[in-house]
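Here is a short report on one protein model. Look at the structure first, then follow the text section by section.

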Amino acid sequence: MRIFAIGDIHGCAEALERLLGRLPVDWGVDLVIFLGDYIDRGPEPRRVVEKVMELRKLYPERVIALRGNHEWMFLRYLRGIEPEVFLFNGGEATLRAYYQEGKLDIPEEHRTFLEDLPLYYETEDYFFVHAGVRPERPLHSQEEEDLLWIREGFYYYPGTFPKKIVFGHTPFPEPLLLPDRLGIDTGCVYGGKLTAIELPAEKIYQVECPRRWP
């Protein structure tokens with residue numbers, strides 16, 4: 001079994017579909033893991049959500065979709081919690097995508113999908129997460145805030161982690177490939193690339209994004 005992990009998409013549905021077309025996935029055997037941040041900033045967040053949901057329905061045992069901090073912010077917005085934080089971080093693109101006939105209309109299936117996204121997924125050798133983990137804290141004792149938001153305190157940590165941590169969240173010009181940290185957010189929505197990594201080979205697949213979005 002191979003594992004294909006895909007970095008932050010942020011509404012770039014066309015790039016996602018091109019990337020999926022390049023991945024040599026055996027959908028009956030391999031595992032595909034999305035690292036979160038399907039929505040906000042980019043042009044088609046709803047289409048991205050629908051694509052990931054479609055793949056999960058087709059291959060429920062082979063597709064894992066994790067929660068990103070943008071899904072977390074969106075759910076809080078829907079509950080009336082810190083709406084300004086969501087809007088400041090590109091949430092208007094998501095609201096436009098779900099605005100139907102003069103009102104915000106989020107299908108129950110979409111909301112359930114977002115609410116049920118797990119914070120991490122692990123195998124014997126890898127720990128998949130949106131942002132990273134707090135160093136020197138057991139993997140199973142991590143806090144939600146760190147799993148969704150941590151940056152420098154994780155990827156600059158001079159020690160080593162017990163498993164290879166595969167993460168997105170922080171955009172790098174090129175994938176960050178360290179012995180115990182694999183960062184694959186390469187800033188698709190900012191005019192960079194959408195990146196996937198094949199494991200254990202650590203082979204990189206990328207598609208260019210044609211423009212930068214807000």
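## Aromatic pairs

The count of aromatic pairs comes to 17. One of them joins Tyr121 and Phe128: their ring centres are 6.5 Å apart and their planes meet at 45 degrees, so this pair is tilted. The model is a predicted one.

Phe128 has a relative accessible area of 0%, so it is buried. Phe154 and Phe161 make another tilted pair, with 5.4 Å from centre to centre and 50 degrees between the planes. Both Phe154 and Phe161 are buried. They also belong to one aromatic cluster, together with Tyr155, Tyr156, Tyr157, Phe167 and Phe172.

## The sheet from β6 to β9

Five strands form an open sheet here, in the order β6-β7-β8-β10-β9, with mixed pairing. The edge strands are β6 (120-122) and β9 (176-177), and each pairs on one side only.

Now take the pairings in turn. Strand β7 (residues 126-129) runs parallel to strand β8 (residues 164-167), and three bridges join them. Across this pairing, Phe128 stands opposite Val166 in β8. So the buried Phe128 has its place in the sheet opposite Val166. Next, β8 and β10 also run parallel, again with three bridges. There Phe167 stands opposite Gly183 in β10. Leu176 stands opposite Gly183 in β10. In a regular strand, side chains alternate between the two faces of the sheet.

## A largely enclosed helix

Which residues of helix α3 are buried? They are Asn69, His70, Glu71, Met73, Phe74, Leu75 and Arg76. That is seven of the 10 residues of α3 (residues 69-78), so the helix is largely enclosed by the rest of the structure. What do these buried residues pack against? Their partners are α4 (83-88), α5 (91-97), α6 (108-115) and α7 (144-149). Just after α3, Gly80 takes a positive phi of about 80 degrees.

Look at α3 and α6 together. Their axes come within 10 Å and cross at roughly 125 degrees. The two helices are therefore oblique to each other. The crossing of α3 past α6 is left-handed. On the α3 side, the contact is made by Glu71, Phe74, Leu75 and Leu78. On the α6 side, Arg111, Leu114 and Glu115 take part.

## The sheet from β3 to β12

Another open sheet has five strands in the order β3-β2-β1-β11-β12, and its pairing is mixed. Why does one side of β3 and of β12 lack a neighbour in the sheet? β3 (63-65) and β12 (203-208) stand at the edges with a single partner strand each, so one side of each is left without a neighbour. On average, neighbouring strands of this sheet are turned by 15 degrees against each other, direction ignored.

Strand β11 (residues 193-199) pairs with β12 in the antiparallel sense over six bridges. Within this pairing, Ile197 stands opposite Ile204 in β12. Helix α1 (residues 13-22) packs on the sheet. It touches β1 (3-6), β2 (31-34), β11 and β12. The direction of α1 makes about 145 degrees with that of β12.

Key. Residues numbered from 1 in each chain as written. Predicted model: local features only at pLDDT ≥ 70, side-chain atom pairs only at ≥ 80, totals over all residues. Heavy atoms only, no water. Pairing = 2+ DSSP bridges. Helix = DSSP H or I, 4+ residues; strand = E, 2+ residues; numbered from the N terminus. Phe/Tyr/Trp six-rings, centres within 6.5 Å; stacked < 30°, edge-to-face > 60°. Buried < 20%, exposed > 50% of the residue type's maximum accessible area, 1.4 Å probe, protein only. Contact = heavy atoms within 4.5 Å. Axes fitted to C-alpha atoms, helices over the stretch in contact; angles between N-to-C directions. Parallel < 35°, antiparallel > 145°, perpendicular 65-115°, else oblique. Left-handed = near helix turned anticlockwise from the far one by under 90°.
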